[in-house]
Protein chains: 2
Amino acid sequence: MKVVTAREQLLNAVQIVQRAVSVRNPMPILAGIRLEAVEDKIFLTATDLDMGIRCSFGAEVIEPGACVLPARYISELVRRLPDLPVLINAEQDSSSVTIQYGQSETSINGYPAEEFPDFPIPTSPLVCDLPIEVLRGIVRQVVFAAANNENRPVFNGVFFELVDGNLQVIATDTYRLAWRKLALENYEQALNIIIPAKTLTELIKIIEPEKTVNITVTPNQILFKTEDTWLISRLIEGQFPNYKQVIPQEYYTRVRLKTRELVEATERASLLTDDNLPIIKISLEQNILVVSVNNEAGRVYEEIPVFQEGESFQVAFNARYLNDALKAVGSEEIHLEFTGPLSPGVIKPVGDQDYLSLLLPVRLRGV
Amino acid sequence: MKVVTAREQLLNAVQIVQRAVSVRNPMPILAGIRLEAVEDKIFLTATDLDMGIRCSFGAEVIEPGACVLPARYISELVRRLPDLPVLINAEQDSSSVTIQYGQSETSINGYPAEEFPDFPIPTSPLVCDLPIEVLRGIVRQVVFAAANNENRPVFNGVFFELVDGNLQVIATDTYRLAWRKLALENYEQALNIIIPAKTLTELIKIIEPEKTVNITVTPNQILFKTEDTWLISRLIEGQFPNYKQVIPQEYYTRVRLKTRELVEATERASLLTDDNLPIIKISLEQNILVVSVNNEAGRVYEEIPVFQEGESFQVAFNARYLNDALKAVGSEEIHLEFTGPLSPGVIKPVGDQDYLSLLLPVRLRGV
């Protein structure tokens, strides 16, 4: 392989595929990035076997071929290269790949290109096209509620359920749940898949704004594709729990308030909580919501004016979970709905029926 | 103590004095910040007993007095306060201090104010006034060469030697040395002090640009003072080594080159070095300086065009030390001077006789 490329494009591609590099995998070659020169393009690929990313860009291919370089070295080197054309030269019989720039050069010992795992592109029909902004919204509003727990894989994913052109997206770690509804017109297919939360988080980092993403689904994989970037990920197997029965259909008490005021009060109150179990109390009386903490380090007492419907109440939440939910809601004002001190609290953006998140209260001793 | 202050000013003062807070000190109260309200001002003080910082600003003092609050809580709280007037209320008989803002309040348990160590302001005559930019220049160019080693305290400091209006500032960890000369007109006093490197690093972080700093020296302390900020530090006792005999007075070979080109080549070459002992080779022949590394991970070969006087040579340096020195030099072009492969290399800014740094070569096996 012998190819001349612009430093900027090479850097961009390296930084994108690097997100799939697996540093702690027992297979050493997965710490590498595969470069392949074909016709007038270079393809960069990395994978941790759960997720793979491929990226291509135009280059002057003098001799087609492939090589695999340690991601750590190639990314750091390209980042530090001068803004000159870069010649990458991998001799067929040598594991050393030479990168030339101006009068200088670096040779890096690579891995055998033929040992790099395949990157099979699914050939199933396209499921849908989505603007990256729609996916970004889903990730911002839903992914925070997913778990990160090796024992129960389904909770590490985000459930996508498409029926009659209605897409519902749900994540839950069993302590909290986030739900988003989306109308996808012209999509008649039914779909029930669990996408790893990490896949979605990485996806929105590598796709540029305003791009449209083609989505293809097979029984156990999903492919997200734009013009020059492919992200392929395994799907999570298993049955997502019946979330519908957990979402309360009515409420005893509802308050309307400014999101920012509760975020800030929660953040101040969190200061004096235990880092491992940051519990804050919330009580409501006469249109005043009080956020409070009381322990050895001191006390916090925060008053927030609200619009109250229904009876007064008291409840305790994990402050970090409440904060995550408030930051995800994405609207200036919210409704908080309660059905009792041990039932989940529901957070809804005012004027938007298509999103909610819910949060289990913490049971306090003596309550 | 009862006082009303603006959140912004309180935050600024907390962030300044916090730099002297000692988190891991056996005296728990040193994790605190002392607040004292006197006449129409608040004074904030923190100290780790080696260094103390005091900061004052105008406030509405309703009742004079003092309190000590855990730095961690007060700084995080003030950072998160709304932009409203803040009432700080410390009752005489309670260890709890209440901070009120709008309809909300936080009480933090503090330490007994009378147990906080004194902050004695030296009354010796002023030694000199220096613009903070001069001090910043000294710190940027010299401090990097100081050591961080508990066994040999003098090397953890920066030596200031003032004779006949000439100030020389030196730091060395015995592997490298940086030296700066400065004409201080109208200063007839002689001065021989070693200031902890940490003191100088913190000083330039807390003093705003364009301020003039008053410097007062006692036999074992130094005070840096502006209008409303005091930094007091112990001096390091002991004899600073005779640095003059280490600085080569002549050279066999001298090269002139662009600083940036050597910085970038060194950074790329460092990629393939061992993190614990990042050794790079430098060789000179026919107006080309070659920076190279050769080990299991690969090879780097960097050519830099230079202007050469004297014979060709080869030398090896710690890449990290070389990089520190090159970044401190602060000029577009440098002279590198050599007297032999085991003698220190000297780095000088082109056209500036008042600064240099030197760097001991690394002895390579078989050389």
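**Cysteines, a strand and a loop residue in chain B**

Across all chains of this structure, a search of the whole structure finds zero disulfides, and the model in which that search was made is a predicted one. A disulfide is a covalent bond between the sulfur atoms of two cysteines. For B:Cys55, the closest cysteine sulfur belongs to B:Cys67 and lies 16 Å away, so the two are too far apart for a bond, given that a disulfide calls for sulfur atoms within 2.5 Å. B:Cys55 is also buried, its relative accessible area being 4%, and B:Cys128, with a relative accessibility of 7%, counts as buried as well.

Turning to the strands of chain B, β18 (residues 253–258) is joined by four bridges to β22 (residues 307–310), and these two strands run antiparallel. Within this pairing, B:Arg256 stands opposite B:Phe307 of β22(B). Strand β18(B) is also joined to β24 (residues 333–338) of chain B, here by six bridges and again in an antiparallel arrangement, with B:Arg254 standing opposite B:Glu337 of β24(B).

The last stop is B:Phe144, which is found in the loop that connects α3 (132–142) with β11 (157–163) of chain B. B:Phe144 counts as buried because its relative accessible area is 19%, and the threshold for that class is under 20%. Leaving aside residues up to four places away in sequence, B:Phe144 touches B:Val139, B:Arg176, B:Ala178, B:Asp324, B:Ala325, B:Ala328, B:Tyr355 and B:Ser357.

Note on methods. Residues are numbered from 1 along each chain as its sequence is written. Chains are lettered from A and ligands numbered from 1 in the order in which they are written. This is a predicted model: local features need pLDDT of at least 70, side-chain atom pairs count only at pLDDT 80 or more; totals for chains, interfaces and linings use all residues. Side-chain values use heavy atoms; hydrogens and water are left out. Buried means under 20% relative accessible area, exposed over 50%, partly exposed in between (1.4 Å probe, protein chains only). Contact means heavy atoms within 4.5 Å. Two strands pair if DSSP finds at least two bridges between them.
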